[in-house]
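Subject: Model for your files

Hello,

Here is the structure I said I would pass on. My notes on it follow below.

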Amino acid sequence: MARPTDEPRAVKALLIVGALGFLGIFLVLPLVLVFAQALEKGLSAYLAAVRERDALSALRLTLLTAAVAVPANLLFGLAASWAIARFDFPGRSLLLTLIDLPFAVSPVISGVIFVLVFGRLGLLGPWLQAHQWKVVFAVPGIVLATLFVTFPFVARELIPVMQAVGREEEEAAVLLGASGFQLFRRVTLPNVKWGLLYGVILCNARAMGEFGAVSVVSGHVRGLTNTLPLHVEVLYNEYQFQAAFAVASLLALLAIVTLAAKSLVEWRESSGEGRAPSAAGQRERTA
Amino acid sequence: MLRRRHSVLPGFGLTLGFSVFYLSLVVLVPLAALLLKSASFGWAAFRAAAVAPRAMAAYRLSFGAAAAGAAVNAVFGLLVAWVLVRYRFPGRRVIDALVDLPFALPTAVAGIALTTLYAETGWLGRPLSALGLKVAFTPLGVGMALTFIGLPFVVRTLQPVIEALDPEVEEAAASLGAGRAATLVRVVLPAIVPAWLTGVALAFARAVGEYGSVVFIAGNMPMKTEIAPLVIMTRLEQYDYAGATAVAVVMLLASLLILGGVNALQAFSLRRAAVE
Amino acid sequence: MSIEVRDVTKRFSDFTAVDGVSLRVPDGELVALLGPSGSGKTSLLRIIAGLERPDAGQVLFEGQDATRRQAKERRVGFVFQHYALFRHMSVFENVAFGLRVRPRRLRPAEAEIREKVMGLLRMVQLDWLADRRPSQLSGGQRQRVALARALAVEPRVLLLDEPFGSLDAQVRQELRRWLRRLHDEIRLTSVFVTHDQEEALEVADRVVVMNQGRVEQVGTPGEIFERPATPFVMRFMGHVNVFHGRVQNGRAHLGPLAIAYPEHPHQEGRPASGFARPYDLEVAREPGGDGFWATLRRATPAGAVVRLELEDDDGALLQVELPRERHAALLPELGERLYLQARTVRVFVDPA
């Protein structure tokens, strides 16, 4: 795609090398290192670390957390994006800002606020103790903190997509006699499916990988209240580097799958129907 | 008085009601707790905890390293975005997908990987320490980690803007006699500055509160290499709720300020684009 | 089924889209809502459909108040300006949609749906495209699918929002005639919105001219064109030359024109304007009667007529349309002074 206003070839080559070099050092090396360290002592050691009892419990807890957080936030995302993208009401901008809030808050702070509510000295602390319910330093706390942190993902992807698709098809469907659910199932969902999928993928990636917030509310009890990322930390702090990286490699694989799925969705998007979802990390404000 | 435009589409009450309910439960109540608890500690204790020397040192590190990382990303993020949009080379699509890695990779994994990479025995740490540069367990290491974290924000915010640049404008500049460098500086750069600033601000905001990728490489020595989120964690573990909350509120306010700044930037650039 | 609109008003923030409009559409008629953008015609159509709720007034179907009724209970067929076809469904599924979403007890059997849909597609001559997606169709084809879809649920009323707005001129003309023939066949009460006066005059049984939320005139195409009720209608229906002046003592002095106006015999003068169509102005070399002189500035042939642009002694520009033969007989030169006479002038006295 040569243009008369291109940079000279030498400059282009230099820039490409510079960019690739930067990315190579900052992105590729760490990723490669994870797998290299994981397999340092050979495949059997790798498998042993991954199959170890506490690692498996951590995996279970991570999957459980994602299994709760993702569907819940998916439901919320669908509801919120329908309300925001299809209607005009006072407080709409406020709602949008609140949805974006977890993005602006440091993960540790996200954990702190749950401790302040449910912790021993927290708002509900005495009440919980009286009823022998443990939220903080137990699984419910971890799920709640994850819910908070992954809360905006689906909604943020869906809202711009819904706005771009427009409401005419839905108005037409209503006039033809469709009920609310028929409308949603037959007309809306097919039009937003890529944005929705994209949001779910991101939500899941974050739910499984969240560290800071979960670290605060977890009791770091091996085999009980450790998610995979926390288990990695535990192993690393005990200098069990190979095992730590072995478990970490599972999460790295998850990241690679997430990136691949994201690319797939974007490719299907541009070659077919619907609209491209917003890029990861980009904050698109809807006025 | 709720005065909204009557809409023919169904489900407004249901979806809005559920959204607000969920939002309150998951977001508003915990945040309210933060404010309530802060209020209950009393202003004096709060202030003391917020500006204690250890906390101040941590702010300096967190904000300083975040700024350094954002600055590095400002330069290299622009480079990467430009190269990805404008040039064609083998593996471009894979590299493009890879840019989101810091966003997709769990922070703990990034943390231990970066630490091992820059430790004195690490792949990069060894050559660097031969040059006399110690990276792991120093503020420099924190900066490297925060550069990693912030990269996608700058690149992803810039890419659509660079893609949307009208090639005809550059051709016009060339036809009027401007050299390539002049065109880039005078014509292209001003057009992408708002997005650039937004991306850098986002990278900064994210880096300030970052915990997982940094806590391993930081060394965590109080007053020297301790990041602010760790101060919060430590105080919490010691049941010093007041102290933890104080620092948390300071960081939250800073985040909200940055958030407000980013929004203002985006609104400004939207208005500029609309005028054009 | 007849439609009646009584005193309907609709406001959006501080903008009044529809201002106390009353209208009646008899059963089986094809009515055009004609006006410029912002005239309220689309808002009115949407209010009839139930897509918007009026701030005041009533909508009645066959005498029954339907103002409070939900859109889908009104049994109106609506064709959107940009078709609003379901992009993920085939043409067949689009048309079948209204039948498929019926509650179970009212839903026809699959075979019946198939028969109905194919019948409709045959009627709009698109049965051979039944399996295609909307993205694979042309604009005109999409519009016909949208129409078939609206008709599938056997509506009592058909509403069309600028149905031909986004089509090429030629396709527009074809579809216009096609719609007229369709209406003659099925005789369904229909209302369509347009800003194209030619379209309204060609297709509709009656035309409602709207401006700034109000009705300017209601009448047959002939009435609207020959006997415009207001200056706005006159201007909107085509090119017109305007002469400003006064009426007094039974005469109208409008710019260079001076004609008899017995409708205002009073001593007291009133400001007024006269409107003459380009083809109602005659051009000659010799003076005679109550005309005026003007200089020819430009002559443009346009098919069967020649369009002349002349400048009068006050510097005002006039448009005149001469049949080709007349122009050939006269052969006026640029810069030549010619004598203009108005065959017909419509005079409107400014309201007090």
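Helices and strands are DSSP runs numbered from the N terminus (H or I, at least four residues, for helices; E, at least two, for strands).

This is a predicted model, in which local features need pLDDT of at least 70 and side-chain atom pairs count only at pLDDT 80 or more, while totals for chains, interfaces and linings use all residues. Residues are numbered from 1 along each chain as its sequence is written, and chains are lettered from A and ligands numbered from 1 in the order in which they are written.

Strand 15 (residues 281-284) of chain C pairs with strand 19 of chain C in the antiparallel sense over 4 bridges; two strands count as paired if DSSP finds at least two bridges between them. In that pairing, C:E282 stands opposite C:Q341. Strand 16 (residues 292-302) of chain C also pairs with strand 19 of chain C, antiparallel and over 4 bridges, and C:W293 stands opposite C:Y339.

**The open sheet of chain C**

Chain C has an open sheet of 6 strands in the order 6-7-8-3-9-10, with mixed pairing. Strand 6 (76-79) and strand 10 of chain C are at the edges with a single partner strand each, so one side of each is left without a neighbour in the sheet. Neighbouring strands of this sheet are turned by 15° against each other on average, direction ignored.

Both senses of pairing can be followed through strand 9 (residues 206-211) of chain C. With strand 3 (residues 30-34) of chain C, strand 9 pairs in the parallel sense over 4 bridges, and C:A32 stands opposite C:V207. With strand 10 (residues 214-219) of chain C, strand 9 runs antiparallel and is joined by 5 bridges; there C:M210 has C:V215 as its bridge partner. The hairpin of strands 9 and 10 of chain C has 2 residues between the strands, and C:Q212 takes a positive phi near 50°.

Helix 4 (residues 139-152) of chain C lies across strand 6 and strand 7 (157-161) of chain C, and runs at about 170° to strand 6. Such angles run from 0 to 180 degrees between N-to-C directions, with axes fitted as lines to C-alpha atoms, for helices over the stretch in contact.

**Chains C and B as a whole**

Chain C contains 9 helices and 20 strands. Its C-alpha trace spans about 80 × 45 × 35 Å along the principal axes, and 39% of its 352 residues are buried. Of the contacts in chain C between residues at least 6 apart in sequence, 64% join residues at least 24 apart; a contact means C-beta atoms, placed from the backbone, within 7 Å.

Chain B has 13 helices and 0 strands. The C-alpha trace of chain B spans about 70 × 70 × 30 Å along its principal axes, and 48% of its 276 residues count as buried. For chain B, 77% of the contacts with a separation of 6 or more are between residues 24 or more positions apart.

Helix 3 (residues 53-86) of chain B has 34 residues and reaches 48 Å from first to last C-alpha, close to the 50 Å expected at 1.5 Å a residue. The expected span is 1.5 Å times one less than the number of residues. Helix 3 of chain B bends by about 30° at B:A74, the bend being the angle between axes fitted to the seven residues ending there and the seven starting there.

B:K224 is in the loop between helix 11 (212-215) and helix 12 (228-237) of chain B. It counts as partly exposed because it has 14 C-beta neighbours inside 10 Å.

**Contacts of chain A**

Between chains A and C, 15 residues of chain A are in contact with 17 residues of chain C. Helix 9 (168-175) and helix 10 (180-209) of chain A each supply at least two residues of the chain A side, and the largest share, 7 residues, comes from helix 9.

Regards

Note on methods
A residue is buried if 20 or more other C-beta atoms lie within 10 Å of its own, exposed if 12 or fewer, and partly exposed in between; C-beta atoms are placed from the backbone. Two residues are in contact if their C-beta atoms, placed from the backbone, lie within 7 Å.
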